[in-house]
Amino acid sequence: MNVLRILESHGQAMSIGAFRQATGKARIENLIKDHGLVRTGDTIHAPTLDPHILCAVQFRATVTCVSALRLHGLRVDRRDLDITHLRVPKTRHCKRSKNMRLEKVHIHRRGAEVDRRVDTALDALMVAIKCYLRQERWLDAVAICDAAIQSGKVSYEELEACVYQENERRVIKIFQLVNGKARSWLETKVRMDLLRAGFEPEVGVQIEGVGEVDLLIQPNIIIELDGREFHDTDDAFTKDRWRSREAFYRGFITLRFTFADAQRPGPPWHPIESAHEQNSPQEDKWLPLISVNFAHNALSPDACALKN
């Protein structure tokens with residue numbers, strides 16, 4: 001008898017009653033010990049089982065919303081990591097396990113019974129949009145859509161069809177703000193701030209000799225967003241300055257912002273406004289071209305060398 005195969009066929013977790021019936025053993029303590037299994041309350045599961053899936057087994061539910069999106073490989077906000085989002089049918093009473101803390105579980109009443117432990121990325125995304133809107137977290141709703149499309153887990157066309165099929169006004173408004181080229185929450189946040197400030201940023205634009213830039217405001221303002229994950233090494237620092245020089249040679253202004261800059265109330269968009277006003281297409285000469293690093297409120301080393 002292959003106990004691990006039995007458990008795997010049931011999604012890595014089973015109730016004690018189902019486990020006894022499948023193994024034909026009334027006393028299962030030795031089986032659990034010999035095969036390195038774990039007993040949590042009335043559930044037998046593999047030691048590596050994700051806590052969200054374990055929770056779904058105990059509630060006889062499906063992991064959904066941002067919990068499912070995390071299992072599909074998307075990065076989610078830290079505020080959402082400790083909450084397990086579960087979907088249960090509207091027609092079924094959801095009885096919680098005595099071993100689960102209800103304050104750590106968010107129940108979504110949606111649709112009919114489904115035979116899966118984790119929602120599809122598209123279904124989970126639709127639940128997440130509405131969940132964020134109920135919390136008035138519209139920016140996070142746009143950002144999670146951007147991330148899902150950019151990762152390839154959901155296509156723009158799939159999301160569009162689903163949104164307009166459900167035909168909810170607030171969800172449609174969120175979808176109209178989505179841009180699948182955005183590669184991080186920070187890019188989405190800055191793009192939304194710039195739109196509110198009256199700019200029309202283009203996302204993920206390829207510039208010859210420079211490469212892909214985070215945002216571009218026509219005709220020549222590059223905005224680069226330096227998160228610590230990809231810009232905190234010596235190589236990244238050197239490459240960023242090289243890109244700024246290449247952009248300078250081609251007549252572009254490079255403005256750099258950090259995550260902390262974007263989090264501050266009233267982001268420092270006034271340099272962009274100044275550059276945009278003075279550098280209109282009608283002028284015969286460019287605005288003095290510098291690379292500004294707002295993290296230190298000073299000129300970058302490249303710009304200092306030019307100044308001297």
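Reader: What is the orientation of H7 and H10 to each other?

Author: H7 and H10 are oblique to each other (angles under 35 degrees count as roughly parallel, over 145 as roughly antiparallel, 65 to 115 as roughly perpendicular, the rest as oblique). The model is predicted: local features need pLDDT of at least 70 and side-chain atom pairs pLDDT 80 or more, while totals for chains, interfaces and linings use all residues. Residues are numbered from 1 along each chain as its sequence is written, and side-chain values use heavy atoms, leaving out hydrogens and water.

Reader: At what angle do the axes of H7 and H10 cross?

Author: The axes of H7 (residues 138–151) and H10 (residues 185–196) cross at roughly 125° and come within 9 Å (lines fitted to C-alpha atoms over the stretch in contact, angles from 0 to 180 degrees between N-to-C directions; helices are DSSP runs of H or I, at least four residues, numbered from the N terminus). Contact residues (heavy atoms within 4.5 Å) include Trp138 and Asp146 of H7 and Trp185 and Arg196 of H10.

Reader: Which residues of H2 are buried?

Author: An α-helix has 3.6 residues a turn, so residues three or four places apart point the same way. In H2 (residues 16–23), Ile16, Phe19 and Thr23 are buried (under 20% relative accessible area, 1.4 Å probe, protein chains only). Their arc of only 60° around the axis, taken from axis-to-C-beta directions, puts them on the same side of H2. Just after H2, Gly24 has a positive phi of about 75°.

Reader: How many disulfides does the structure hold?

Author: A disulfide is a covalent bond between the sulfur atoms of two cysteines. The structure holds zero (the cut-off is sulfur atoms within 2.5 Å). The sulfur of Cys131 is 3.9 Å from the closest cysteine sulfur, in Cys65, which is too far for a bond. Cys131 is buried at 2% relative accessible area, and Cys55 is buried at 0%.

Definitions and conventions. Buried means under 20% relative accessible area, exposed over 50%, partly exposed in between (1.4 Å probe, protein chains only). Helices (H or I, at least four residues) and strands (E, at least two) are DSSP runs, numbered from the N terminus.
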